[in-house]
Amino acid sequence: MEGAHRLDEAAIRARVQVSRSGAGLPLPVGQSLCSGIVCLRVPAAEDLEFIRRMWADVETMEPVGGPVVLSPEEGVRWYRRWVDPGSADRAYWLVTCEGRPVGEISFRCFDPVARAGMLNVKIVAWERGRGHARQAVRAVLRYFFEDLGGTQMNDDVALSNGAGQSLMLSEGFTRDTTATGVCRLYLTRRQWEVRQSAR
Ligand SMILES: CC(C)(COP(=O)(O)OP(=O)(O)OC[C@H]1O[C@@H](n2cnc3c(N)ncnc32)[C@H](O)[C@@H]1OP(=O)(O)O)[C@@H](O)C(=O)NCCC(=O)NCCS
């Protein structure tokens, strides 16, 4: 058992070294992760049309502060910051199901020393309630903790956003009760590993 533990530690160190040497973030366009019924895919520039439509949709954006309307030029600037060439402090995927885009998932604020991230997931209003978000969160957490050597994933969810809170708490996140004005949630690598071994 102790030997197995040492192997785990060595594997994590090796993965961290890989990501530090540049094979981690930013992710290449087209990189994909799959979990259950969903596949996550780093979007191509052509996917901007769906992303802009999703952000402009009133019902989809209602729990997270309302719609955001980007011009095509603003969309291209966003794509450069987040995807291509992107940045080593963030990752962004489209959530797809049977080939059609149903939402997005991302994390930001990653740095190579603290190795923590801030999660965001969104499913378009007309595709909710089918397990897409849960599977997307699982796929990203697996990538974050196993492949990238992440130490802690954080998420700030609005106090009024019951669906978002319920999703994160049911995936093992803990609420930081010292935070005020927001539901501050976190999941450490240790907490995630304990959950994995209980599955
Ligand atoms: C929160 C959100 C991502 C859920 O997406 P979804 O694909 O409908 O979620 P799932 O079908 O995978 O449901 C997973 C869990 O989320 C919670 N949940 C989802 N919708 C819910 C709702 N309307 N009310 C309460 N809990 C809800 C439940 O715990 C659910 O598990 P259950 O089905 O066993 O009850 C979606 O409503 C959304 O995009 N909201 C706007 C963005 C947002 O709030 N993001 C979360 C914070 S980053």
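The views below show a predicted model.

**View 1**

View 2. Helix H6 spans residues 162-170. Its buried residues are Gly-164, Leu-167 and Met-168. Seen down the helix axis, these buried residues fall within an arc of 90°, so they line one face of H6. An α-helix has 3.6 residues a turn, so residues three or four places apart point the same way. The face turned away from the buried side carries the exposed residues Gly-162, Ser-166 and Ser-170. What do the buried residues of H6 pack against? Their partners are helix H5 (132-147), strand E6 (152-157) and strand E8 (183-188). After H6 comes Gly-172, whose phi is positive, near 100°.

**View 3. His-132 in helix H5.** His-132 is found in helix H5. Is His-132 buried or exposed? It has 22 C-beta neighbours inside 10 Å, and 20 or more make a residue buried, so His-132 counts as buried. Beyond four places in sequence, His-132 touches Val-38, Val-95, Cys-97, Val-102, Gly-103, Ile-123 and Glu-127. His-132 also lies 7.3 Å from Ile-37, C-alpha to C-alpha. These two residues are 95 residues apart in sequence.

**View 4. Met-61 in helix H3.** Met-61 is found in helix H3, residues 58-61. Met-61 has 17 C-beta neighbours inside 10 Å, so it counts as partly exposed. Leaving out residues up to four places away in sequence, Met-61 touches Trp-55, Gly-66, Pro-67 and Val-68. The C-alpha atoms of Met-61 and Ile-123 are 9.5 Å apart. In sequence, Met-61 and Ile-123 are 62 residues apart.

View 5. An open sheet is formed by 8 strands, in the order E1-E2-E3-E4-E5-E6-E8-E7. The pairing is mixed. Strand E1 (32-35) and strand E7 (174-175) stand at the edges. Each has a single partner strand, so one side of each is left without a neighbour in the sheet. E7 pairs with E8 in the antiparallel sense, over 2 bridges. Arg-175 stands opposite Leu-185 in E8.

**View 6. The whole chain and its confidence.** The protein chain has 199 residues, and 27% of them are buried. Its secondary structure comes to 7 helices and 8 strands. Among contacts with a separation of 6 or more, 56% join residues 24 or more positions apart. The chain averages a pLDDT of 91. A score of at least 70 is reached by 88% of the residues. Where does pLDDT stay under 50? Residues 16-23 do so, and the model has 8 contacts for them beyond four places in sequence.

Key. Residues are numbered from 1 along each chain as its sequence is written. This is a predicted model: local features need pLDDT of at least 70, side-chain atom pairs count only at pLDDT 80 or more; totals for chains, interfaces and linings use all residues. A residue is buried if 20 or more other C-beta atoms lie within 10 Å of its own, exposed if 12 or fewer, and partly exposed in between; C-beta atoms are placed from the backbone. Helices (H or I, at least four residues) and strands (E, at least two) are DSSP runs, numbered from the N terminus. The arc is that of the directions from the helix axis to the C-beta atoms. Two residues are in contact if their C-beta atoms, placed from the backbone, lie within 7 Å. pLDDT is the predictor's confidence in each residue, from 0 to 100. Two strands pair if DSSP finds at least two bridges between them.
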